[in-house]
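Me: I'm new to this one and would like to learn how to read it. Could you walk me through a few features?

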Amino acid sequence: MSRQSVAKAHQKIQELAWEPAYHEPVSQYGTDYTFQKAKKRDPLKQVLRSYFPMEEEKDHRVYGAADGAIRGNMFRQVQERWMEWQKLFLSIIPLPEISAARAMPLLFRTVPNPELHNGQAIQMIDEVRHSTIQQNLKRLYMNNYIDPAGFNSSLRNFQNDYAGTIGRQFAEGFITGDAITAASIYLTIVAETAFTNTLFVAMPGEAAANGDYLLPTVFHSVQSDESRHISNGYATLLMALSDESNHQLLERDLRYAWWNNHCVVDAAIGTFIEYGTKDRRKDRESYAEMWRRWIYDDYYRSYLMPLEKYGLVIPHDLVEESWNRIWNKGYVHEVAQFFATGWIANYWRIDPMTDEDFEWFEYKYPGWYDKYGAWWENYNRLSKPNGHKPIAFEDVDYVYPHRCWTCMVPCLIREDMVMDKVDDQWRTYCSEGCHWTDAVAFRPTYQGRQTPNMGRLTGSREWETLYHNWSFADIIKDMGYVRDDGKTLVAQPHLDLDPKKMWTLDHLRDCPPFPSPNVTLNEMTDEEREAFRADYVRQGPGGRPAPAA
Amino acid sequence: MTVTPERSVPKPVFTDAEAGARDFPDSELRHFNYFVPKKRKQSHYEDVTVEVQPDPRHYLSQGWLYGFADGKGGYPLEWTALKAWGSDRPEPERFPGSGGQGYEWPAHGWHEFRDPNEEWEQSIYRNNSNVVRQLNQNVEAARQSKAFEQWNRNWVQFVAQHVGAWMHVDHGLGLYLFANANRRGPTNMHNTAISVNSMHRIRSAQDLALYNLTLSEEIEGFDGTAHHETWNNDPSWQGVRETAEQLTGIWDWAEAVFAANVVFEPLVGEMFRSNLVQQAAPGNGDFVTPTLIGAEEYDYAERDLRYTRVLFEPLVSDKEFADHNTKIMQSWLATWVPRCLSAVRMLQPLWSQPDAKPPRFEDGLDRAKGRFGGILSDLGLQAPKELNQ
Ligand SMILES: [Fe+2]
Ligand SMILES: [Fe+2]
Ligand SMILES: [Zn+2]
């Protein structure tokens, strides 16, 4: 912008807003929050005249880097271990991005301050940018990386696989339910302000360490838009706080949003960073260390805590419990182990861990080997087809877990499992936090208060139900996870692309039928169910059966 | 001698993980295999947009996981009264052992829509940057050549009041009609095209506001606040304002896009921009305003109307719901044509305000109606009888 300063220009575009004189805009989303109509300042201070060229310039850098990566044969140096997990990550992330775009109008009528709407519209188009630039990155990987399987089927797999379902919460939570709960607290205050740091800053660092400098280029470019979105959320949050009657709902929503983000994002990104890397330098930060820095210090202590003086009730206990799950209860390790147990149902390949990996884990997480070492040795032993079944059907001291009805990550920290009859169905939850989300928070009343706009948990939330008592070969065919020879699986529990070493449908013929844990649970008598619960909470770590009483 | 401690950095490793390094099942399968492209080959645009927004009738086997209070999640097809073939097929039922199969792709006709502008990240920023750069240069060149000094008094006032008032139309529709509708279309292709349309309108609003700011600085006596008074109180504008507000009140996303792009824009938008401002400006010594107005005109005529045609025409000729859709669209015409005509007629006094007069209002309106009739016949719709009022 040459003559008009951005500040002056920004001041001028404030003149665009007007109050309707004849007809109100349509009101399609509800909230149980109340907002006072008061003059606010647009927190974004963004004028399209400078915004578009700025983003175009950022694009030039991204696409320049993409050309450079191909010309420079980047893929001769990328680690397959890392790239394989990108098949999962990049299948998930374009939907949360586009959902953030779609979420913006939820705020138009519910937050009656037109000064904020300009920023929300810019966020909308930013998020269209993010979604399509990420799809484009995935397309480039598909075209240039050695194994396109799983990239080529990405969005089908994302939609029908249990892992995609877990990730999908990080999108559907933005666009449904109480408009403020969804588009402000869950999306902006928690997902963007807290967890994009691990997604878009910590993870790209790990990509670079594994020979992929394109992912960092794309995601840093994405993250540089994120600070604007954080300002949007902050402005709305301060307005919500200024009305006492919102405090109870803010407390509820922060608890739900924090806990769900922790369950989902730490499961996925923690696994990518710890189990998807070949970088085992002892001085590289572990996920736990990154989490402590980005989420605990930068978000919790520096962003959330100062809001306490405005009356925000902060879920200190849940923040501490998240850390406890990551640091003491092995959350990320349990999740990675589960992904690897269920490798047959995936659409990516999972590399076995080596002695070098073991050493690093033991160094970063003392006691790791005792809990998980033997299982990963078994994984390695069973990785090439050799007359045995996939690891899920072999005796390796691992009990297949029940799924959490709320976050849909299995109940892996076995002692924390909660079982309850909710909506006339016996359900299992990974934690008290997830039980509360279903049984208490997502309901039309909350602590005696009417909350008619609160959303609902919907869908067939246990993936295994769909395939109750199916054979695994049929499950995989049904989901479409077979390569173009009609029999080799997309997923493999190793990285060897020698067709003779790859698993095919034929190798799964002898696997027993696969019963749904939740269907089974609901078929039990009360005594059987209680016995199941008592046993389950004595299992683990590492999925071990309960010790004999 | 000082010893530099070795820096801890990851070491590059030769992995040979590039395409073509080995042959194995799927090693050549380098295209997204979950959708059928519009043309023979999948386009870049399709690759980055199709199927990002899932559908329980395709692959979304576990269904939507979060819903509104009424239990509805995702992007319900009944958010518009229009139907594309297959819309009435129920979502596949899930139960223990049901499996996860949906209908064969595309399952219903909505998924056949492709934005003819192929808008995605790169095109959005490239096109809009080009526009703002061009406008900046035009305004800057005019400033340096003292072009604004040639404007007569009446024209200065006309631009301050009436060109200024139009920014409010762009802003209101950009936010509360188009951005709002980006949550409501049935596929990612619909919602992305609509969000781009929204940015065109919001950008045009800002273009006009910042132009207004420049004029306040360059022209003695240019009243940079006059647009408020005109928009709020000038009787000539109250019809446009009321119609714009009514447009933002439409519940049905498709009706909103239809009413705005098929009816309001040709009858009111183009009538004001092309048949008034563009025609009157040169005679009044103004060659700058037409470049701003022309940029908006181009966005509408060459991009936004283009996707709108491709969105609605197949619904008019839908293999299952052609009659149903035609009836609904005809009823929308019967509602919106009279509103837009009465709005534009209220603008008529503007035609006599400049010193150098534009062509007669009625001639302009005939042209606008002709253009509108052409759009309707492209869509396979009938001009409603109200058009002759
Ligand atoms: Fe984003
Ligand atoms: Fe964002
Ligand atoms: Zn859970």
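Me: Which residue bridges the iron ion (ligand 1) and the iron ion (ligand 2)?

Reply: A quick word first: this is a predicted model, where local features need pLDDT of at least 70, side-chain atom pairs count only at pLDDT 80 or more, and totals for chains, interfaces and linings use all residues. Residues are numbered from 1 along each chain as its sequence is written, chains are lettered from A and ligands numbered from 1 in the order in which they are written, and side-chain values use heavy atoms, leaving out hydrogens and water. Now, the bridge is A:E127, and the two iron ions lie 3.2 Å apart.

Me: What coordinates the iron ion (ligand 1)?

Reply: Look for donors, meaning N, O and S atoms within 2.8 Å of the metal (3.2 Å for Na, K and Ca); water is not among the atoms, so sites may look incomplete. Here they come from A:E97 (OE), A:E127 (OE) and A:H130 (ND1), at 2.0 to 2.2 Å. Along the chain, their spacing reads E-x29-E-x2-H. A:E127 and A:H130 are about one helical turn apart, because they sit 3 residues from each other in helix 6 of chain A. (Helices are DSSP runs of H or I, at least four residues, numbered from the N terminus.)

Me: And which residues coordinate the iron ion (ligand 2)?

Reply: That ion has A:E127 (OE), A:E192 (OE), A:E226 (OE) and A:H229 (ND1), at 1.9 to 2.2 Å.

Me: Why is the arrangement around the iron ion (ligand 2) irregular?

Reply: Ideal angles are 109.5 degrees for four tetrahedral donors. The 4 donor atoms here subtend angles of 83 to 174°, so the arrangement is irregular.

Me: Is A:E127 buried or exposed?

Reply: Buried means under 20% relative accessible area, exposed over 50%, partly exposed in between (1.4 Å probe, protein chains only). A:E127 has 1% relative accessibility, so A:E127 is buried. A:H130, at 0%, counts as buried too.

Me: How do the axes of helix 11 and helix 14 of chain A cross?

Reply: Two packed helices are described by the angle and the distance between their axes. Axes are lines fitted to C-alpha atoms, for helices over the stretch in contact, with angles from 0 to 180 degrees between N-to-C directions. These two come within 8 Å and cross at roughly 75°.

Technical notes. Tetrahedral: all angles 85-135°; square planar, octahedral: opposite > 155°, others 65-115°.
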